[in-house]
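Try each task before you read its solution.

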Amino acid sequence: MKKITLIIFFFLVTFNVFTQNQIKIDSLSQVLETKITEKEKIDIYNLLAFEYTDIDSVQTSYYADKAIDLSAKINYPEGTADAYFRIGWAAMESSNYTKANNLYLKVLNISKTSLYSEGEANAYNGLGNLHNYQGNADQALEFFKKSLEIYKKLGDKKGQRDLYSNIGVLYKRKGDYTKALEYYFKALELAKELGHKKELAKRYGNIGLAYTWLGEYPKALEYNLEALKIFKELGDKKNIASILNNNGMIYYNQGEYPLALEQFLKSTEIKKQLGGKREIVNSLNNIGFIYETQGNYTEALKYFLECLTIHKDIGDQPGVAYDYLSVGNVYFKQKDFTKALDFSLKSTEIAKKLDIEHLKASNYCLTGGIYAHQKKNKEALKYLNQGLSISQKIGEKSLSATAMSTLGKIQYELKNYDLAKDILTNGISLAQEIGSPAIIRDSSEILAKVQKALGNHKAALESYQLYHATYDSLLGEEKSKQLSQLQIQYETEKKEQEIKSLAQQASIQSLELKQANFNKTIFGIVSVVLLLLGLVLYLVNRQKRLALQQRAQDIEQNLLRVQMNPHFIFNAMTSIQDYMNQGNAKQASLYLVKFSKLIRQVLDNSRSEFISLDQEINMLDNYLSIQNLKRDHPFTFKIEIEEDLDVDEIAIPPMFAQPFIENAIEHGVANIKEGATITIHFSMEGDHLVLKILDNGSGIEEAMKIKRKDHVSHAIKITEERIDLYRKMRKKKIAFDIQDLSQGTQVTFNLPFQYL
């Protein structure tokens, strides 16, 4: 039985010319006022229900119910099937999946019974979309293909276009972007043939998004701009917001963070005006990515957890899995590896269940990265290789380059230099191809070390130059400034909009002129007073800051004098000269290198607020070795580092230990002929790094008796001044304590630290 489709040609033309939903609704409502048959009236009711689908679900149900009632009255099952389909679609968009599923099955039953092929195709299409939303990709594909076959038999090109698009979306969700493009291009050709502008723009947008995931950003922008041009012509705010969001993703991946944030914020504002959780959540997620990239992990977590709540509310399992991954990434960057691994494994479980290749690859890479930081190289290599294999299979270049960067670092640490070189070189080439400066920066830094280890000094220099060039360009001063200005501009416009809205609601019309002038006068006086007060506070704080800086310079000079006193330099040079006079050139050369390196380290470190723990340990080792040169009674020294303390990733304020080590040498163990020992121990306690200096000498009380009564320890005095200045300038606490032991002295520092 064929469905009657008599809709006056004039109104069909009107639908192609006018694009606003309200114009279509008004036109259809006018048709209802004309003399048309009951079946035609039912078709109009169903078209009205369709037009209201995205803007008012209540009106959708209202017109669909009218179509159902009238269809029952005249025994028109096709009209009944179409009406139930419209209600089911509205329920699905509202995340009422159970209701939608029951209605689609009802449509399928009515359509099969009445031999209504178009209704049967619609039902399969609805069921496919429903299962795709819920993450049941295999079932969704089965339903889509059934629907497509029916549309092909009917010669319905519009239906075929929509199904090609839906299948493309399904493959995109599975992470098979190459397959998604295949179906998107089929949909695009039919959209061009049919000449429907909105549908043509949607296909351009689909293709742009697929190219984005493949890392082909110029092509992605090309198709997105085509889509955006058409959507702006149509005034389609919903799809304008989607394209802006997609453009933001491209700029984010290219490191253009100010442009990315601008696109995301514009998209979010439009979506908030339109309402709807599913639309808003993507922009919120991407804003979270920007904050994550900027190192503002608190804000990033806030947005990602908000997305997680929304995805759970609407039952979007793939969305939940991607949110788990995002949260895990933030915890990873905060070095909270336990939480990071927990969220990554939750995401992996869903990814395996739904067979989402991109999500599996991302989680394998994250899990591998976590294990790499925990120095569990065997587990790290296993997961990273799995992630790389999948990402290469699906053509995900950005993820492949990221995995190669981490794999190259592990192979470097395992001293597999040739393998590390090959992996990192390929990773950098891939990162350059897709324009990802962050990956280029990280990989080239490691590659420089690999080339140096292989003795390829020229290649090492080239890699080091690439690292610095990328580092300087990435998140430079100008981009940070633009980002700050953009955020300020957005907040200002938002507040102005809120003020305007409040003013309109208040409707205050009777304020007297005298009262207004009085308020202005008071405001002016208060503003001037506040301005003057602010200026005074600024000048006072500036003066204090300058005084602190001057004091810091004075302390730095005093510290250098304590460390490099002439007596120490003279003794060291005399010892080296003795070795040369004795013909022991090898030993003289060894200590001369140590001495020159120590001088360089002291000068460099004195100008740095923080240095790596590895640099501090290296400097102390050189200093102790030189102090031990040609002594009548040499001492033994040990530098102990607590297990799991990563000396390359932790930074501390420099040169707190050296003055006390000098005291231990000159006054603690100086009179011990045999068995003199100095121990330096680094460990972690809470949020402080603990440094202990122990000697088995005569003890501080005995040493003080030997000294002159009026002697003041320069080491203690300068250290106290440095600590006091550090507290004022950095607002962080440093504590130190000197204990007289039964045999010797122990000096303990609680130092703040930061991760490099």
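**Exercise 1: Helix H8**

H8 is followed by Gly-155, which has a positive phi, near 70 degrees. This is a predicted model, in which local features need pLDDT of at least 70, side-chain atom pairs count only at pLDDT 80 or more, and totals for chains, interfaces and linings use all residues. Residues are numbered from 1 along each chain as its sequence is written, and side-chain values use heavy atoms, leaving out hydrogens and water.

*Solution.* 
- Helices are DSSP runs (H or I, at least four residues), numbered from the N terminus.

*Task.* Find what the buried residues of H8 pack against.

*Solution.* 
- Buried means under 20% relative accessible area, exposed over 50%, and partly exposed in between (1.4 Å probe, protein chains only).
- Among the buried residues of H8 are Phe-143, Phe-144 and Tyr-151.
- The buried residues of H8 pack against helices H7 (117-133), H9 (157-174) and H18 (337-354).

**Exercise 2: Ile-522**

*Task.* Decide whether Ile-522 is buried, partly exposed or exposed.

*Solution.* 
- Ile-522 lies in helix H26 (residues 513-563).
- Its relative accessibility is 38%, so Ile-522 counts as partly exposed.

**Exercise 3: Confidence**

*Task.* Check the average pLDDT of the chain.

*Solution.* 
- pLDDT is the predictor's confidence in each residue, from 0 to 100.
- The chain averages 81, and 83% of the residues score at least 70.

Methods. Helices (H or I, at least four residues) and strands (E, at least two) are DSSP runs, numbered from the N terminus. Contact means heavy atoms within 4.5 Å.
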